[in-house]
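Here is a colleague's note to read alongside the coordinates. Please go through the points in order.

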Amino acid sequence: MTGTRRTVAALFLLPALVLLGALVVYPIGYSVVRSFYDQSGDGFAGIDNYKALFTDEGIRTALKNNIIWVVFAPTVATVLGLIFAVLTERVRWGTAFKLVVFMPMAISMLAAGIIFRLVYDQDPDKGVANAVWVGVHDTFTQASAFPKAHPGRESPLEPAGGGAFITKSPVRTGETVSLPLVGVAPDLMPDDAKPAVAAKPEPDKITGTTWQDFTRGQGVGTLNRVDSSELGYAGMRIEAVKDGRVVASATAADDGTFTLPASADGAQLRLPDSNFKEPYAGLDWLGPSLVTPAIIGAYIWMWAGFAMVLIAAGLAGVPRELLEAARVDGASEWQVFRRVTVPLLAPVLAVVTVTLMINVLKIFDLVFIIAPGSAQDDANVLALELYRKGFSEDQPGIASAISVFLLLLVIPVMWFNVRRLRREVRR
């Protein structure tokens, strides 16, 4: 009877074993064998392909990035999942929040990569990340409205170094000063700019106008003189500089006019470089220095919901009387969380962390899609390097060695997971 049962069991397992052998065992074995052959596949290369794992610059960069991925991505995703699971347990809209956080799991890696390629676009008008970053920056630091402005022909201004401009000669009280500039297209002038007005002299003061000395049409308008169709530089900062010190300053009105006190007598008027700085364009999210953290951020966006759901399921099984007993004994909420909740959730946290570690060792899609060609070498990971060696550079031996190396990296994590599951079963 026992023999019959074993035969029946073997017959039921046979289809699965055949598929396992054809789709898993055979490819692994073939990759191991192929990793010892050269590019042509005919010559035996020994361990040369494995030596390349530690000498090839691209593979070394990929290995370094994989270490960054394994250390940070699972940790941050697990911590966020734990925070979301604990905080949403006590709010009425917790289920809706969990649904929103978990929704990215329904999106494929390809779609998520395309989404975040747009999110990280350098242009603040297209990329959400830079739109937010630039908005926060401009809240505290006002951007210049005249980044391209500069003196024109026969201007009373000259360069003062560092992007600033200064009058060629000192000014006196009772005088009117003209500070004409060109270089800003009329349609790029500020919306609050008004037609420039020639300043009127005032006793014991210095008055003047700074404006866009340009009128559309050939031969139209008078050089260095305010014309009716020309706009004032609203908000332009003017400084009176004497002996290297700023003795007075003023800001141009909407019509470009400004007034300086008598203390500016004998000073030169300077337009500081802050008037002409290029608008802040945000961070280069997909540049060499930030591309890997940016892609890890996209991964966390997708997988934090997975961690939250598993941890929330484990949290539902935590005995409430233990939490209440800790509170009765005088423990604060932070102490209850740190000394009771987290230790009780340790098995679940281990499952989540190990699962994510295995997942990030194979990460390919997000890096391939999000990282632009100019930064792909800096964002390189082992799975992407395997693809490049095998399909782009026609080096199947090295690609096979990378695949075997990845398998060897996964095995310890899998072994740890299996041991932990066996201990759980014994309990």
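Predicted model: local features only at pLDDT ≥ 70, side-chain atom pairs only at ≥ 80, totals over all residues.

The points below run from overall dimensions to local detail.

1. Overall build. The protein holds 13 helices and eight strands. Its radius of gyration is 34 Å, while the globule rule gives 22 Å for 427 residues, so the protein is more spread out than a compact globule. Along the principal axes, the C-alpha atoms fill a box of roughly 120 × 75 × 40 Å.

2. Domains. The protein splits into domain 1 and domain 2. Domain 1 is made of two segments, 32-131 and 285-425. Domain 2 covers 150-275. Over C-alpha atoms, the centres of domain 1 and domain 2 lie 57 Å apart.

3. Helix packing. How do α9 and α10 cross? Helix α9 spans residues 333-344, and helix α10 spans residues 346-361. Their axes come within 4 Å and cross at roughly 60°.

4. Who touches whom. On the α9 side, the contact residues are V342, P343 and L344. On the α10 side, they are A346, P347 and L349. By class, this contact has six nonpolar residues, with no polar and no charged ones.

5. The sheet. Five strands make an open sheet, ordered β1-β2-β8-β5-β6. The pairing is antiparallel. Which strands sit at the edges? They are β1 (157-161) and β6 (245-251), each of which pairs on one side only. From one strand to the next, the twist averages 30°. As background, strands of a sheet pair through backbone hydrogen bonds.

6. The β5 and β6 pair. Strand β5 covers residues 237-242. Strands β5 and β6 pair in the antiparallel sense, over six bridges. V241 stands opposite V246 in β6. K242 has R245 of β6 as its bridge partner.

7. The turn. How many residues lie between the strands in the hairpin of β5 and β6? There are two residues between them. In this hairpin, D243 takes a positive phi near 55°.

8. Please check. When you inspect the model, start with the α9 and α10 contact, including P343 and P347. Last, view the spacing of the two domain centres, at 57 Å.

Terms used. Residues numbered from 1 in each chain as written. Heavy atoms only, no water. Domains from an automatic or database assignment. Axes fitted to C-alpha atoms, helices over the stretch in contact; angles between N-to-C directions. Contact = heavy atoms within 4.5 Å. Nonpolar A, V, L, I, M, F, W, Y, C, P; charged D, E, K, R; others polar. Pairing = 2+ DSSP bridges. Rg over C-alpha atoms; globule rule 2.2 N^0.38 Å.
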